[in-house]
Each structure stands twice: as C-alpha cells, then as structure tokens.
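Hi everyone, thanks for making time for this. I'd like to walk you through one model, so please have a look at it while I talk.

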Amino acid sequence: MQDQKNCIIRTPQDVFKLLEAELCHEQKEHFICLFLNTKNSLIFKEVISIGSLNAAIVHPREVFHAAIRRCSASLICAHNHPSGDPEPSIEDINLTKRLIAAGEIIGIEVLDHVIIGGNRFYSLKEHGHF
C-alpha cells in the first residue's frame, strides 16, 4: 500500500489504484473501509469483514466503531467481487444505504462504495445509488 500519510482519495479511480493489487487475487469477498480526515487524506485502511465467495457480512456497527476509533471525518467502503463482475448486488446497494443513514446520524459521511472485480471497478456514487 502507498504511504498512508501522502495518500489523498479524490476519485473512485484513486480507491481502485490503492486496493486493486491487494484484492485482485482474493477468492473471498473482503470488505474494506478507508478512513479519511477532513482533507480526504487516508488515516487508516481496515478490513472490516472477510466473507464467502459471493457475500461479506457487514454491519454498520463494525464500520462506525472503527471510524470513531480512528477519528474519521468520512469514509469510503470498498469490496471485491471474486467473480470478476463489479456490478453491485441488491444486497450491496441496501448495505450502502444503511451505512449512509447510520453515518448521517453519527456525523461521519460515507463518500462512496467502490466494488472491485475483473480489473474494473464500480462506484455506487458515480452510478447514482446515492
């Protein structure tokens, strides 16, 4: 991973560049959060959940516990699809909506959810899911 002190996340492409090498050969879904400060500099990267071939069990409690612990201003969620198809499932979309709602209550903004698969990525924000 790049030096975290110099890593600024501005686009879903930045997320892809940061995580693609780490996730491209994984055979199970890995749900990762990138915790950012007020200037979108990466504070910390944490694997929140490792799931199965086609699912990762994630609860807002784990995501925001980690975000609060790291004093995050915002966060970006990312996970891989071992199938190679980065299109989101309905479960991915619903989870993202739950995380956004929880973040609004807590005051930590969810900036995006990026799905990586097959050397491609899908940004839920860019595709209008929130």
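Predicted model: local features only at pLDDT ≥ 70, side-chain atom pairs only at ≥ 80, totals over all residues.

Leaving aside residues up to four places away in sequence, Phe64 touches Leu75, Leu99, Ala102, Gly103, Ile106, Ile108 and Val110. Phe64 also belongs to the largest nonpolar core, which has 18 residues. Which members of that core touch the most other members? They are Phe31, Cys33, Ile48, Val63, Phe64, Leu75 and Leu99. As for the elements behind this core, E1, H2, E3 and H3 each give two or more residues to it. Apart from that core there is another one, of 16 residues, and Val15, Leu42, Ile76 and Val114 are among them.

Now, the sheet. It is an open sheet of five strands, and if you read across it the order is E2-E1-E3-E4-E5, with mixed pairing. Which strands sit at the edges? E2 and strand E5, residues 120–123, are the edge strands, each pairing on one side only. From one strand to the next, the twist averages 20°. Helix H3, residues 90–106, packs on this sheet and touches E1, strand E3 (74–80) and strand E4 (109–117). The direction of H3 makes about 160° with that of E4.

Let me zoom in on one pair of strands. As a reminder, strands of a sheet pair through backbone hydrogen bonds, either parallel or antiparallel. E1 and E2 run antiparallel, and seven bridges join them. Within this pair, Leu34 stands opposite Lys45 in E2. The loop between strand E1 (30–36) and strand E2 (42–50) is where you'll find Ser41. Is Ser41 buried or exposed? Ser41 counts as buried, because its relative accessibility is 15% and the cut-off for buried is under 20%. Not counting residues up to four places away in sequence, Ser41 touches Cys7, Ile8, Phe35 and Leu36.

On to the charged side chains. How many salt bridges are there? The count comes to three, so let me take them one by one.

Lys45 forms a salt bridge with Glu22, and the closest N and O atoms are 3.0 Å apart. Why does this pair tie together separate parts of the chain? Because Lys45 lies in strand E2 while Glu22 lies in helix H1, residues 12–23, and those parts are 23 residues apart in sequence. Lys45 is buried, with a relative accessible area of 18%, whereas Glu22 counts as partly exposed at 31% relative accessibility.

The next one joins Arg69 and Glu46, with the closest N and O atoms 3.1 Å apart. Arg69 lies in helix H2, residues 60–69, and Glu46 in strand E2, so this pair also ties together parts that are 23 residues apart in sequence. Glu46 counts as buried at 18% relative accessibility, while Arg69 is partly exposed, with a relative accessible area of 45%.

And then there is Glu62 with Arg61, whose side chains meet in a salt bridge at 3.7 Å, N to O. Glu62 is partly exposed, with a relative accessible area of 36%. Arg61 is exposed, at 55%.

That's my tour, and I'm happy to take questions.

Technical notes
Residues numbered from 1 in each chain as written. Heavy atoms only, no water. Helix = DSSP H or I, 4+ residues; strand = E, 2+ residues; numbered from the N terminus. Buried < 20%, exposed > 50% of the residue type's maximum accessible area, 1.4 Å probe, protein only. Contact = heavy atoms within 4.5 Å. Pairing = 2+ DSSP bridges. Axes fitted to C-alpha atoms, helices over the stretch in contact; angles between N-to-C directions. Salt bridge = Lys/Arg side-chain N within 4 Å of Asp/Glu carboxyl O. Core = buried A, V, L, I, M, F, W, Y, C linked by side-chain atoms within 4.5 Å.
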